[in-house]
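Here is a short report for a reader new to this structure. Please look over the sequence and the model first.

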Amino acid sequence: MTFNTYGDRNNPCLLLLPGLGVSHEIFLPLIKLLEDKFFVIAAGVDGFLIGEESCFTSVDDQAAKAIAYVQEHLGGHLNVAYGLSLGGKILSRILERNEIVILLYLSFMTMIVPGPSPVASAQGV
């Protein structure tokens, strides 16, 4: 796992965790908008690093690496963490371990359900 940083380290810290098959670069447009107000850490998940050979092992392994980075470089404290897809799963593992403080966390995992909504079907809609 790599950690790409942007902005002033004295600003509130924001960790971005990308989804399956994409690099931290997916966040570059967002980083441009936020780097003046946040110290942004955009993680690169093993197995999806540009220009580096690596292998994804597990969500737990990636969570442990992120926790270790936050403990070592940020005193175990994040203001905000955001996980996209697989990054959301990694973030959930980070939260489950309860080894660092995260004041606000956001996770976006898309669920696709084919066919009509089970709720609508049950209500006869």
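Which side chain meets that of Arg-93 in a salt bridge at 3.3 Å, N to O? The side chain of Glu-96 does.

## About the model

This is a predicted model, in which local features need pLDDT of at least 70, side-chain atom pairs count only at pLDDT 80 or more, and totals for chains, interfaces and linings use all residues. Residues are numbered from 1 along each chain as its sequence is written, and side-chain values use heavy atoms, with hydrogens and water left out.

## Salt bridges

A salt bridge here is a side-chain nitrogen of Lys or Arg within 4 Å of a carboxyl oxygen of Asp or Glu. The count comes to 4. Arg-93 takes part in one with Asp-60, where the closest N and O atoms are 3.4 Å apart. Arg-93 lies in helix 3 (residues 86–97) and Asp-60 in helix 2, so this pair ties together parts that are 33 residues apart in sequence. Helices are DSSP runs of H or I with at least four residues, strands are runs of E with at least two, and both are numbered from the N terminus.

Another salt bridge joins the side chains of Glu-99 and Arg-97 at 2.9 Å, N to O. Shared partners link Asp-60, Arg-93 and Glu-96 into one network.

How open are these residues? Buried means under 20% relative accessible area, exposed means over 50%, and partly exposed lies in between (1.4 Å probe, protein chains only). Glu-96 is exposed at 56%. Asp-60 is partly exposed at 42%, and Arg-93 is partly exposed at 23%. Glu-99 is partly exposed at 38%, as is Arg-97 at 36%.

## Aromatic pairs

Rings of Phe, Tyr and Trp (its six-membered ring) pair if their centres lie within 6.5 Å; planes under 30 degrees apart count as stacked, over 60 as edge-to-face and the rest as tilted. The structure holds 2 such pairs. Phe-3 and Tyr-69 are stacked, at 4.1 Å centre to centre and 15° between the planes. Phe-3 belongs to strand 1 (residues 2–6) and Tyr-69 to helix 2 (residues 59–74), so the pair ties together parts that are 66 residues apart in sequence. Tyr-69 is buried, with a relative accessible area of 11%.

Phe-27 and Tyr-82 form an edge-to-face pair, at 6.1 Å centre to centre and 75° between the planes. Phe-27 lies in the loop between strand 2 (13–17) and helix 1 (28–34). Tyr-82 is in strand 4 (residues 77–84), and the two are 55 residues apart. Phe-27 is buried at 5% relative accessibility.

## Ser-58 in its loop

Ser-58 sits in the loop between strand 3 (39–44) and helix 2. Ser-58 is partly exposed, at 26% relative accessibility. A polar atom of the Ser-58 side chain lies 2.9 Å from the backbone nitrogen of Asp-61. Ser-58 and Asp-46 are 12 residues apart in sequence and 9.2 Å apart in space, C-alpha to C-alpha.

## A nonpolar patch

Val-101, Leu-103, Leu-104 and Leu-106 make a nonpolar surface patch of about 370 Å². Patches are made of residues with over 30% relative accessible area and no salt bridge; like charges are joined within 9 Å, and nonpolar side chains (Val, Leu, Ile, Met, Phe, Trp, Tyr) within 5 Å. Accessible areas come from the Shrake-Rupley method with a 1.4 Å probe; for residues, only the protein chains shown count as cover. Leu-103 is part of strand 5 (residues 101–108). Leu-103 counts as exposed, at 58% relative accessibility.

Notes: A polar contact is a pair of N or O atoms within 3.5 Å; within protein, one must be able to donate a hydrogen and the other to accept it, and residues adjacent in sequence count only if both atoms are side-chain atoms.
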